[in-house]
Amino acid sequence: MGTAISLDLADDLPPATLHELAEQTFGWLREVDARFSTYRDDSEVCRFDRGELPLAEASADLRAVLERCADLWRATDGFFDVYATGRLDPSGYVKGWSAQVASDRLVEAGAPNHCLNAGGDVRVRGRSATGEAWRIGVRHPWDPMATCLVLAGTDLAVATSGVYERGHHVVDPRQGTPARGLRSVTVVGPDLGLADAYATAAVAMGPAGTTWLAHLPDHHHATITDHAHLSHSPSLPVPPRPPLAPGDLAGAVGDMRRTPDLSGQ
């Protein structure tokens, strides 16, 4: 999927069992990459997009993903659009969905304490090896070596969509041009596929995405604008020591681009 994936298995299980669980997890994610990658001409999603693969002959996973993406298109008033770039690209759902499936399988296999990070889309369950809640750093949108927020929890799906690595790659489907206004969007919820899609849709909406996210039931969010203004849900799962209050952080602590750590952690 064009991204790095890491897995932390925190259960006290035999090394051979942990190795097998890791192999199964990465095997599934390699299978997803082979089927859904938009970078591979022979992937199922590319063959379907070119009209070489009829829907009736597509895998159950591809059909299910396309159906879910259609539901998300309606739920986001068209801002989550897998054809926004002119070709089929369900990556804004697939990455989170595949990691969620992998996490669910780990729980079913007897490994309920783990952290799976798929290129910034993170699913944590249970507790870390120290017995503490997992801590998830949200990347600083101007400094790749720093965080701007730290979240903590024992059952969180955290997806971040931003423009700081791939540029303005999310397209506003109504304008047909790269979306601008939000540099980083983080969505926290119970399902990583949904959180991933909602974060992508909010970026596509631009500044209006912050208001839209505030009305999503069972989800929390944090957004950072192109002008370094941070907004977040009052109930965002931060550790006991909270981040700086919502507002114009550029005015409160200096330009975010020169302030490497806004979390206070």
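These are my notebook entries on a predicted model, from the whole protein down to a few single residues.

**Ground rules**

I number residues from 1 along each chain as its sequence is written. Since I am working from a predicted model, I ask for pLDDT of at least 70 for local features and 80 or more for side-chain atom pairs, while totals for chains, interfaces and linings use all residues, and side-chain values use heavy atoms, with hydrogens and water left out.

**Entry 1: the whole protein**

I looked up the secondary structure and found 7 helices and 11 strands. Helices (H or I, at least four residues) and strands (E, at least two) are DSSP runs, numbered from the N terminus. I then checked burial: of the 265 residues, 50% count as buried. Buried means under 20% relative accessible area, exposed over 50%, and partly exposed in between, with a 1.4 Å probe and protein chains only. The accessible surface comes to about 12400 Å², by the Shrake-Rupley method with a 1.4 Å probe, where for residues only the protein chains shown count as cover. Carbon and sulfur atoms hold 51% of that surface. Next came contacts, meaning heavy atoms within 4.5 Å. Among those between residues at least 6 apart in sequence, 59% join residues at least 24 apart.

**Entry 2: helix H1**

I checked the length of H1 (residues 15-36). Its 22 residues should span 32 Å at 1.5 Å a residue, and the end C-alpha atoms are 31 Å apart, which agrees. The expected span is 1.5 Å times one less than the number of residues.

Which elements do the buried residues of H1 pack against? I found strand E1 (5-9), helix H2 (44-49), helix H3 (60-75), helix H4 (91-108) and strand E2 (114-118). Those buried residues include Leu 21, Trp 28, Val 32 and Phe 36.

Thr 25 is another of the buried residues of H1; I noted it as buried because its relative accessibility is 4%. Leaving aside neighbours within four places in sequence, Thr 25 touches Leu 7, Ala 102, Leu 106 and Leu 116.

**Entry 3: H1 against H3**

I looked at how these two helices cross: the angle is about 70 degrees and the axes are 11 Å apart. That makes H1 roughly perpendicular to H3. H1 brings Trp 28, Glu 31, Arg 35 and Phe 36 to the contact, and H3 brings Asp 61, Leu 62 and Val 65. For the record, axes are lines fitted to C-alpha atoms, for helices over the stretch in contact, and angles run from 0 to 180 degrees between N-to-C directions. Under 35 degrees counts as roughly parallel, over 145 as roughly antiparallel, 65 to 115 as roughly perpendicular and the rest as oblique.

**Entry 4: cysteines**

How many disulfides are there? I count 0, taking a disulfide as a pair of cysteine sulfur atoms within 2.5 Å. Cys 69 is buried at 4% relative accessibility, and Cys 148 is buried at 3%.

**Entry 5: loop residues**

Most residues other than glycine have a negative phi, so I looked for exceptions. Asp 77 has a positive phi of about 60 degrees; this residue sits in the loop between H3 and H4 and is exposed at 54%. Asp 218 has a positive phi of about 65 degrees, lies in the loop between helix H6 (208-214) and E10, and is exposed at 65%.

Last, I found His 227 in the loop between strand E10 (220-225) and strand E11 (230-232), exposed at 68% relative accessibility. His 227 and Arg 183 are 44 residues apart in sequence, and their C-alpha atoms are 8.5 Å apart.
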